[in-house]
Amino acid sequence: MIYPYKGKTPNIHNTVFIADYTTITGDVTINEESSIWFNTTIRGDVAPTIIGKRVNVQDHSVLHQSPNNPLIIEDDVTVGHQVILHSCRINKKALIGMGSIILDGAEIGEGAFIGAGSLVSPGKKIPPNTLAFGRPAKVVRELTEEDKKDMARIRREYVEKGQYYKSLQQKKQ
């Protein structure tokens, strides 16, 4: 379901795959070849949410904001299953592991990997190309070339899956 909120209607590029049972409302922008998976909620009813190109937001995730504090997800980001993102910034090519929570004012550096189940505290900055893990999340090491290749594979596969499902939706219309 896509809902306007107080004069703001989601702006969703026509190449975006939006799975069934997803709710998107208000001041939300989703750019090319991104995919929003089953049972995800993106509410732009407090501040803007901006989602870049080729971003995948996986099943049961929740994206929201605090007043005057937008949520920004740059290009080529992977957001795992059941993630909560709240008024934070996720820089290019980052991966947020399943079940993680990223809170207000936190910033995830370009190419960083947040391990599954982690909690990134308000205002915490995770450096680029590092693995951070835990509650609260702490940097545990630099990413290896193998880590980076795996993250790129996941991004690529989700763009392909999203476009496949998008083509199925278009055939049904």
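Predicted model: local features only at pLDDT ≥ 70, side-chain atom pairs only at ≥ 80, totals over all residues.
1. Among the 30 residues of the largest nonpolar core, those that touch the most other members are Ile73, Leu85, Ile90, Ile102 and Ile108. A nonpolar core here is a set of buried Ala, Val, Leu, Ile, Met, Phe, Trp, Tyr and Cys residues joined through side-chain atoms within 4.5 Å, and buried means under 20% relative accessible area, exposed over 50%, and partly exposed in between (1.4 Å probe, protein chains only). Strands β4 (23–30), β6 and β9 (71–73) each supply at least two residues of this core, and the largest share, three residues, comes from β4. Strands (E, at least two residues) and helices (H or I, at least four) are DSSP runs numbered from the N terminus.

2. Residues are numbered from 1 along each chain as its sequence is written, and side-chain values use heavy atoms, with hydrogens and water left out.

3. A second, separate core has nine residues, including Phe17, Ala19, Leu95 and Tyr158.

4. Turning to the rings, the structure holds eight aromatic pairs; rings of Phe, Tyr and Trp (its six-membered ring) pair if their centres lie within 6.5 Å, and planes under 30 degrees apart count as stacked, over 60 as edge-to-face and the rest as tilted. One of the pairs is that of Phe17 and Phe38, which is edge-to-face at 6.5 Å centre to centre, with 70 degrees between the planes. Phe17 lies in strand β3 (residues 17–18) and Phe38 in the loop between β5 (35–36) and β6 (41–51), so this pair ties together parts that are 21 residues apart in sequence. Phe17 is buried, with a relative accessible area of 2%, whereas Phe38 is partly exposed, at 26%.

5. Phe38 also forms a tilted pair with Trp37, at 6.1 Å centre to centre and 55 degrees between the planes, and Trp37 is buried, with a relative accessible area of 4%. Phe17, Trp37, Phe38, Tyr158, Tyr164 and Tyr165 form one aromatic cluster.

6. The buried residues of α1 include Met151, Ile154, Tyr158 and Val159. The charged end of Lys161 sits over the ring of Tyr158, 4.6 Å from its centre; this term requires NZ of Lys or CZ of Arg within 6 Å of the ring centre and within 35 degrees of the ring normal.

7. Strand β19 (residues 130–134) is mostly covered, since four of its five residues are buried. Two strands pair if DSSP finds at least two bridges between them; β19 pairs with β16 (residues 113–114) in the parallel sense over two bridges, and Leu131 in β19 is the bridge partner of Phe113. Five bridges join β19 to β20 (residues 137–142), and these two strands run antiparallel, with a hairpin joining them through two residues.
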